[in-house]
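Student: I would like to learn how to read helix packing and salt bridges in a model. Please take me through them.

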Amino acid sequence: MPLKFELCPGRMIGGSNPCFIIAEIGQNHQGDIEIAKKMIKMAKDCGADCAKFQKSELEHKFNKRALERPYTSKQSWGKTYGEHKRHLEFSHIQYVELQNYAKEVGIFFTASGMDEMAVEFLHELDVPFFKVGSGDTNNFPYLEKTAKKGRPMVISSGMQSMETMRRVYQTVKKHNQNFCILQCTSAYPLEAEDVNLRVIAEYQKEFPDIPIGYSGHESGVHISVAAVALGAKVIERHVTLDKSWKGSDHEASLEPSELTELVKAIRLVERSLGTSIKQMLPCEKPCHDKLGKSVVAKVAIPKGTVLSMDMLGVKVGEPKGVPPENIFQLVGKSVTEDVEEDESITPDVVESYGKKIKC
């Protein structure tokens, strides 16, 4: 059984616990705190477990030339990339406001720390867990410092190799036992042939003592539901209020109706996974009573006759007789009463039926 741990206060993940569903608001709030609050409320109303943002301390995430480069994309909120990112970045005070609002509506709140200083701020903010975005998964100094903080971690694996993910596992495990890894492909939107859900099974084999999850950027909900069927214990999906809004993430995000559908579908799949024990269930008894077959006599069989296969057939019988899977156990045994043609052969008329032979 994969490792279980408390990701948020009172909320366990892994093992048989429900899949933890993260609504990734990211920067789809358009830089407007009121829209951000609407999105937190939307995530709660749709049934997600957590509303997540992305926090950067821009001078620590980007160098000067990266911030100064012209940004003329139709998605841009400024003339330079720095202006664009500053428009979308909430202040520390605004993060406190958003965190308080999330508590008010009753949903867990966190953010990806997009650089080491952002992680320091989120640690001070007392978020329940750290999310490591794919862009920092191979940033080993960052990983080590973050792991040492002692908070649970959720680590995406976009743009990485299995060799790198082994190093990630070893680096984090040394300092922090409570983390999970998400299969992820960093493309927006993501085409189905690039999802590679089979990596979930490979991660489960490589890292059997941690939960494995999935961070998706595809359109629709079906692939994410399939990830849960394959054993994903955490699902993260970008969300938006309107896919037509400015911003490169909106197209790969789920609108409220889709997020609601995803949550419902995941909970349905979880119910359907059930147990690995194969047996006839109580709910199947009516069908078995009506249509379950029994061994019947193909011919009239006088008392004392030793049974052979040519005397035996299988039909839906009344009353219920010996079940078909035990037909070969009847061969060589004698009947203790006359059995009419087409009559059910019941256990009580077969000598020594069901008894073990003593050696």
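Tutor: Two packed helices are described by the angle between their axes and the distance between the axes. In this predicted model, the axes of helix α1 (residues 33-46) and helix α5 (residues 92-105) come within 10 Å and cross at roughly 30 degrees. Angles under 35 degrees count as roughly parallel, so α1 and α5 are roughly parallel to each other.

Student: Which residues of α1 and α5 make the contact?

Tutor: Contact means heavy atoms within 4.5 Å. Ile33, Ala36, Lys37, Ile40, Lys41 and Lys44 of α1 meet Gln94, Glu97, Leu98, Tyr101, Ala102 and Val105 of α5.

Student: How far apart are the closest N and O atoms in the salt bridge of lysine 37 with glutamate 97?

Tutor: A salt bridge is a side-chain nitrogen of Lys or Arg within 4 Å of a carboxyl oxygen of Asp or Glu. For lysine 37 and glutamate 97 the closest N and O atoms are 2.6 Å apart. The two residues are 60 residues apart in the chain.

Student: Is lysine 37 buried or exposed?

Tutor: Buried means under 20% relative accessible area, exposed over 50%, partly exposed in between (1.4 Å probe, protein chains only). Lysine 37, at 15%, counts as buried, whereas glutamate 97, at 33%, counts as partly exposed.

Student: How many salt bridges are there by this rule?

Tutor: The count comes to 22. Salt bridges that share partners join Arg11, Asp49, Arg267 and Glu270 into one network.

Student: What should I know about the numbering and the values?

Tutor: Residues are numbered from 1 along each chain as its sequence is written, and side-chain values use heavy atoms, with hydrogens and water left out. Local features need pLDDT of at least 70, side-chain atom pairs count only at pLDDT 80 or more, and totals for chains, interfaces and linings use all residues.

Key
Axes fitted to C-alpha atoms, helices over the stretch in contact; angles between N-to-C directions. Helix = DSSP H or I, 4+ residues; strand = E, 2+ residues; numbered from the N terminus. Parallel < 35°, antiparallel > 145°, perpendicular 65-115°, else oblique.
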